[in-house]
Amino acid sequence: PGFERPAIAGWRVLHFPELDSTNEEARRRAQQGDEGDLALYADRQHAGRGRRGRAWVSGEGNLFLSCLLRPAVGPARAAELSFATALAAHDALSAATGLGPRFQLKWPNDLLLDGAKVAGILLESATGRDGGLEFLVIGIGVNLAAFPAETPYPATSVAATLGRAVAPLDLIAAFLPRLSHWITVWEREGFAGIRDAWAARAAGLGERITVRLAHETLEGVFSGLRLDGALDLRLDSGAVRAVTAGDVFLPGT
Ligand code: BT5
């Protein structure tokens with residue numbers, strides 16, 4: 001059932017000892033009619049997921065958090081909120097660890113610590129019959145204590161870098177007010193209001209990167225971020241390609 005905790009920055013907070021996936025639980029709550037502004041987290045997660053059916057390795061002591069929202073926007077704009085989420089996570093991790101500039105954002109949805117993946121964000125949504133957004137689930141996993149040994153790019157944890165673990169609830173308390181803040185900026189100013197802040201914390205901007213898409217791999221310079229969140233890749237031919245979904249490999253990884 002989950003245990004109710006004191007609300008944080010207007011978010012109702014639910015705690016679970018164990019779940020399959022916090023994103024899945026948030027989806028169940030949405031389907032049961034929960035009105036949103038709900039944040040739920042679990043101590044253990046045994047079926048954590050990443051993008052495109054990939055698994056999220058959910059080590060003991062890490063953060064598994066999902067937020068259920070019912071934003072009044074179309075589905076096309078929901079993805080912009082993954083950038084607001086990444087900004088909030090970056091600010092919260094900086095505040096909770098004092099390691100500010102060593103955290104970077106990796107397009108579209110990763111957080112890096114000293115260049116290694118320390119957190120991932122997964123947005124899932126459902127569209128109503130009218131084509132509008134019925135609900136949005138923002139999931140975030142942070143390697144506070146443990147990280148997997150085998151990943152396609154380097155991974156790390158906060159504990160491995162800081163020498164001590166941060167408690168999940170402390171990070172949640174730092175994160176939720178910042179998430180509310182960046183969502184408010186986004187509601188007021190649109191993606192333009194968060195793009196520069198995202199770019200200022202970005203890894204690989206202006207550098208040569210490799211982008212793996214479903215059916216091809218591209219190389220070029222990460223030249224900017226479009227107003228819909230797409231990554232601009234300047235190819236060697238001089239043409240600029242807008243990438244809306246893919247995996248980025250930075251130099252040296
Ligand atoms: C992500 O996917 O990075 C989004 C991960 C979101 C996880 C949270 S936890 C709370 C909530 N509930 C859920 O069920 N999910 C969310 P993606 O970009 O597809 O990255 C997944 C890939 O990263 C995997 O295929 C692995 O290669 C690698 N990976 C898996 N676990 C990892 C970990 N703990 N740390 C670093 N890399 C990992």
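The legends below accompany close-up views of a predicted model.

View 1. The domain assignment divides the protein into domain 1, residues 3-200, and domain 2, residues 208-249. Their C-alpha centres are separated by 24 Å. In the contact between them, 14 residues of domain 1 meet 15 residues of domain 2.

View 2. Because domain 1 (3-200) and domain 2 (208-249) both give residues to the lining, the largest pocket lies between them. At least two lining residues come from each of helix H1 (22-31), strand S4 (63-69), strand S7 (116-127), strand S8 (133-142) and strand S13 (247-249). Strand S7 provides the largest share of the lining of the largest pocket, with four residues. By class, the lining of the largest pocket holds 13 nonpolar, 13 polar and eight charged residues.

**View 3. The second largest pocket.** A volume of about 430 Å³ is found for the second largest pocket. Of the 20 residues that line this pocket, Arg51, Ala79, Ser82, Pro108 and Thr244 lie nearest its centre. Helix H3 (80-97) and strand S7 are the elements that give two or more residues to the lining of the second largest pocket. The largest share of that lining, five residues, belongs to S7. Domain 1 (3-200) and domain 2 (208-249) each contribute at least three residues to the lining of the second largest pocket. The lining of the second largest pocket consists of 11 nonpolar, five polar and four charged residues.

**View 4. The cis peptide bond at Pro108.** The peptide bond that runs from Trp107 to Pro108 is cis, and its omega is near -5 degrees. Most peptide bonds, by contrast, are trans. Pro108 belongs to the loop that joins strand S5 (103-106) and strand S6 (110-113). Pro108 is also one of the lining residues that lie nearest the centre of the second largest pocket.

**View 5. Ala9 and its backbone geometry.** Ala9 is placed in the loop between strand S1 (3-8) and strand S2 (11-19). The phi of Ala9 is near 50 degrees, a positive value in a residue other than glycine. Most residues other than glycine have a negative phi.

**View 6. The packing of helices H5 and H6.** Two packed helices are described by the angle between their axes and the distance between the axes. Helix H5 (residues 168-189) packs against helix H6 (residues 192-200) at an angle of about 130 degrees, and the axes are 7 Å apart. H5 is therefore oblique to H6. The contact of H5 with H6 contains six nonpolar residues, one polar residue and one charged residue. On the H5 side, the residues are Trp182, Val185, Trp186 and Glu189, which meet Ala192, Gly193, Ile194 and Ala197 of H6.

View 7. Rolling a probe the size of a water molecule over the atoms shows where empty space is left. Two cavities of 30 Å³ or more are present in the structure. The second largest cavity holds about 40 Å³ of space. It is lined by Leu63, Leu65, Ala89, Ala92, Leu93, Ile140, Val142, Leu171 and Phe175. Strand S4, helix H3, strand S8 and helix H5 each supply at least two residues of this lining. Helix H3 gives the largest share of the lining of the second largest cavity, with three residues. The lining of the second largest cavity has nine nonpolar residues, and no polar or charged residues.

Definitions and conventions: Residues numbered from 1 in each chain as written. Predicted model: local features only at pLDDT ≥ 70, side-chain atom pairs only at ≥ 80, totals over all residues. Heavy atoms only, no water. Nonpolar A, V, L, I, M, F, W, Y, C, P; charged D, E, K, R; others polar. Domains from an automatic or database assignment. 1 Å grid on protein atoms, 1.4 Å probe; cavity = no way out; pocket = protein on both sides within 12 Å on 5 of 7 lines; lining within 4 Å. Points joined across faces, edges and corners; volume = space filled by probe spheres on them. Axes fitted to C-alpha atoms, helices over the stretch in contact; angles between N-to-C directions. Parallel < 35°, antiparallel > 145°, perpendicular 65-115°, else oblique. Contact = heavy atoms within 4.5 Å.
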